[in-house]
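Here are a few exercises to work through with the model open beside you. Try each task before reading its solution.

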Amino acid sequence: FLAANFLQALYGVADMMVVGRVVGPAGLSAMQVGGQVVSLITNIAMGLAVAATVLVAQNIGAGNKENQNKVIGTMMTLFLLLSAVVTTGLLLGKNGILQLLNTPAEAAADAEKYLMVSAAGMVFVFGYNLIGAVLRGTGDAKRPLYFVAVSAALNVGLDLLFVALFHMGAWGAALATVVSQGVSFLLAAIYCKRHGIFDFRPRSFRFHRETLGPVLRVGIPSGV
């Protein structure tokens, strides 16, 4: 668990190293401004996902497979909705957010692009963190580490490709992160489906009244 969180933190380090060396101070400033927003949202998602770990583990311990499935379905639906809300909020409020963070004028354009690309990938941020939490709730802490390790390695390679080779600037680093997280989410989702943890059918995405309350009671304090 600690190793997986450490690897997630390396996303930002790799981005800063490549952007700082290739683009320069303006690009680095743009990435740091956008990165603050993304980091805040990521940590909130990780906190909310704690509810999945706790409630899935409780239901496995109680031998209640039906309620376990309801918890996962409710949280998948909640996180899908939250990612849509966050993406919409970032896209509509990007200018206000950048002003609030006192973005330097020379970095404003790149920071806006960075934020827009990152906003488009919010579904992967929420999705991966939730699936990782669900797997840890089942007692499997290794698979989430493997998935994020693949993602971290891919992120470094794409940083070099998009920023150093294609000269896409700071938003190229954001694109590298989004693609890497998308791959990580896809691998985790395939694993969950093949092992019967969640089937990802449209009918499975729904709120279950009896599980929504416990999900919010555990998830909201952790997210805050």
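What percentage of the 224 residues in the protein chain do buried residues make up?

Buried residues make up 46% of the 224, where buried means under 20% relative accessible area, exposed means over 50% and partly exposed lies in between (1.4 Å probe, protein chains only). Before going on, please note that this is a predicted model: local features need pLDDT of at least 70, side-chain atom pairs count only at pLDDT 80 or more, and totals for chains, interfaces and linings use all residues. Residues are numbered from 1 along each chain as its sequence is written, and side-chain values use heavy atoms, with hydrogens and water left out.

**Exercise 1. Describe the fold and the overall dimensions of the chain.**

Step 1: begin with secondary structure. The protein chain has eight helices and zero strands, where helices (H or I, at least four residues) and strands (E, at least two) are DSSP runs, numbered from the N terminus. Along the sequence this reads α-α-α-α-α-α-α-α.

Step 2: turn to dimensions. The C-alpha atoms fill a box of roughly 55 × 35 × 30 Å along the principal axes.

Step 3: look at contacts (heavy atoms within 4.5 Å). Of those between residues at least 6 apart in sequence, 77% join residues at least 24 apart.

**Exercise 2. Find the largest nonpolar core and the elements that build it.**

Step 1: apply the definition. A nonpolar core is a set of buried Ala, Val, Leu, Ile, Met, Phe, Trp, Tyr and Cys residues joined through side-chain atoms within 4.5 Å. The largest one here has 57 residues, and Met 75, Phe 79 and Ile 131 have the most contacts inside it.

Step 2: assign the elements. Two or more residues each come from helix 1 (2-22), helix 2 (25-62), helix 3, helix 4, helix 5 (122-137), helix 6 and helix 7. Helix 2 gives the largest share, 13 residues.

Step 3: zoom in on Phe 79. Beyond its neighbours within four places in sequence, Phe 79 touches Ala 45, Leu 48, Ala 49, Phe 126 and Leu 130.

**Exercise 3. Decide whether Thr 77 is buried or exposed, and list its contacts.**

Step 1: locate Thr 77, which is found in helix 3. Step 2: check its relative accessible area, which is 13%, so Thr 77 is buried. Step 3: list the contacts; neighbours within four places aside, they are Ser 204, Phe 205, Arg 206 and Phe 207.

**Exercise 4. Examine the positive phi angles of Asn 102 and His 167.**

Step 1: take Asn 102, whose phi is positive at about 55 degrees although it is not a glycine. Asn 102 lies in the loop between helix 3 (65-100) and helix 4 (108-120), and at 65% relative accessibility it counts as exposed.

Step 2: take His 167, again not a glycine, with a positive phi of about 55 degrees. His 167 sits in the loop between helix 6 (142-165) and helix 7 (170-194). Its relative accessible area is 60%, so His 167 is exposed.
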